[in-house]
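Hi,

Here is the structure I promised to pass on.

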Amino acid sequence: MGKSIEISFVVPVFNRPNEVKELLESMCQQRVGGFEVVIVEDGSTSTAEEVCENYSNRLNLKYFFKANSGPGQSRNYGCERASGNYIVFLDSDCILPNRYFEHLCRALDKEYTDAFGGPDAAHPDFTAWQKAINYSMTSFFTTGGIRGKSEKLGKFHPRSFNMGYSREVFEKTGGFSKMRFGEDIDMSIRILELGFTTRLIPEAFVFHKRRSTLRQFFKQVFNSGVARINLYKRHPKTLKLVHFAPSIFVLGTLFFLFLGLFYSPFFFWPLCCHAALLLADSTFRNKSLFIGLLSVLTSYVQLFGYGLGFLWSFWKRIVLQKEEFSAYEKTFYD
């Protein structure tokens with residue numbers, strides 16, 4: 001790593017000390033060192049303070065506790081207190097492969113970029129449920145390749161579970177907005193609007209655990225659908241045809257179910273073929289029929305959750321002209 005770039009990791013966390021322990025342990029296993037870690041406890045009742053104290057002699061580590069305000073504002077809080085001139089943001093449920101920092105340094109040395117993003121993956125030791133959710137969040141047949149792995153659909157928009165940007169970007173943009181959901185995409189759009197460069201670094205991937213129940217997963221993707229319309233209202237030129245796909249899928253699925261139930265079972269075939277495609281693809285990728293079966297369920301939850309959130313937000317914000325909103329507002333992390 002060139003001397004001009006000093007990297008700080010900023011990690012917001014809420015009631016997940018065990019996850020912080022796993023993340024910090026993976027940071028200790030990096031083949032290349034020389035980075036700072038800033039943990040921002042966002043109003044937790046079960047804190048990671050003791051965990052951080054245990055790792056303070058192995059890592060250049062700072063720990064802060066603040067009132068709950070959500071991950072976006074916590075990232076800004078950590079960025080203000082980080083020493084590095086290049087900030088990398090991670091979710092607390094991520095684990096770093098032991099060459100993550102090495103790959104990141106090498107990539108930035110070879111071709112500097114103002115902001116970057118990396119993909120996520122499932123570790124071989126993850127549970128079948130975690131692998132199924134990972135499939136539904138990364139598969140071309142569910143997200144269309146637009147989430148963290150593709151630059152083919154326009155300028156690359158890093159996602160906050162694994163993204164970074166320079167101190168200059170932070171100062172010029174003011175950091176993450178106060179949006180509850182979709183704040184990372186909003187951030188990426190504003191980075192590009194100011195003329196900064198973004199780049200995907202495929203080698204700098206993380207293992208993303210996603211300890212979600214089916215209910216939590218639905219709430220997450222529902223709010224992602226809501227956020228897409230909120231983003232459209234903030235940045236009208238960013239809404240693409242592909243963003244309508246899950247909603248079209250929801251309406252199409254309901255249409256075929258209606259025809260199948262009241263006219264002819266023949267209309268169930270398109271749905272059966274789609275489910276079979278998901279089953280075959282996930283089974284092949286994960287080398288497990290059981291994960292394949294779970295992936296059909298999580299994929300439909302992902303598609304319906306996002307699609308319904310998108311439709312609901314479209315109705316409220318575009319048809320009824322309501323103000324920006326989000327659903328399931330109990331906490332930022334549910």
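**Notes on the model**

Leaving aside neighbours within four places in sequence, Phe304 is in contact (heavy atoms within 4.5 Å) with Phe218, Phe249, Val250, Thr253 and Leu254. Phe304 sits in helix 12, residues 289-319; helices (H or I, at least four residues) and strands (E, at least two) are DSSP runs, numbered from the N terminus. With a relative accessible area of 18%, Phe304 is buried. Here buried means under 20% relative accessible area, exposed over 50%, and partly exposed in between, with a 1.4 Å probe and protein chains only. Phe266 is 38 residues from Phe304 in sequence, and their C-alpha atoms are 23 Å apart in space.

Before you go further: this is a predicted model, where local features need pLDDT of at least 70 and side-chain atom pairs count only at pLDDT 80 or more, while totals for chains, interfaces and linings use all residues. Residues are numbered from 1 along each chain as its sequence is written, and side-chain values use heavy atoms, with hydrogens and water left out.

Now the chain as a whole. The protein chain has 12 helices and 10 strands. Its radius of gyration (over C-alpha atoms) is 20 Å, close to the 20 Å from the globule rule (2.2 Å times the number of residues to the power 0.38) for 334 residues, so the chain is as compact as a globular protein of that length. Along the principal axes, the C-alpha atoms fill a box of roughly 70 × 45 × 40 Å. Of the 334 residues, 54% count as buried. Among contacts between residues at least 6 apart in sequence, 79% join residues at least 24 apart.

Next, the cores. A nonpolar core here is a set of buried Ala, Val, Leu, Ile, Met, Phe, Trp, Tyr and Cys residues joined through side-chain atoms within 4.5 Å. The largest one has 34 residues, and Phe9, Leu24, Met27, Leu90 and Tyr100 have the most contacts inside it. Two or more residues each come from strand 1 (7-13), helix 1 (17-28), strand 2 (36-42), helix 2 (49-55), strand 4 (86-90) and helix 4 (100-110). Helix 4 gives the most, with 6 residues.

Ser188, in helix 8 (residues 183-193), is buried at a relative accessible area of 0%. A polar atom of its side chain lies 2.8 Å from the backbone oxygen of Pro158. Ser139 is in the loop between helix 5 (128-138) and helix 6 (140-143), and its side chain reaches the backbone nitrogen of Phe141 at 3.0 Å.

Lastly, I found 0 disulfides (pairs of cysteine sulfur atoms within 2.5 Å) in the whole structure.

Cheers

Technical notes. A polar contact is a pair of N or O atoms within 3.5 Å; within protein, one must be able to donate a hydrogen and the other to accept it, and residues adjacent in sequence count only if both atoms are side-chain atoms.
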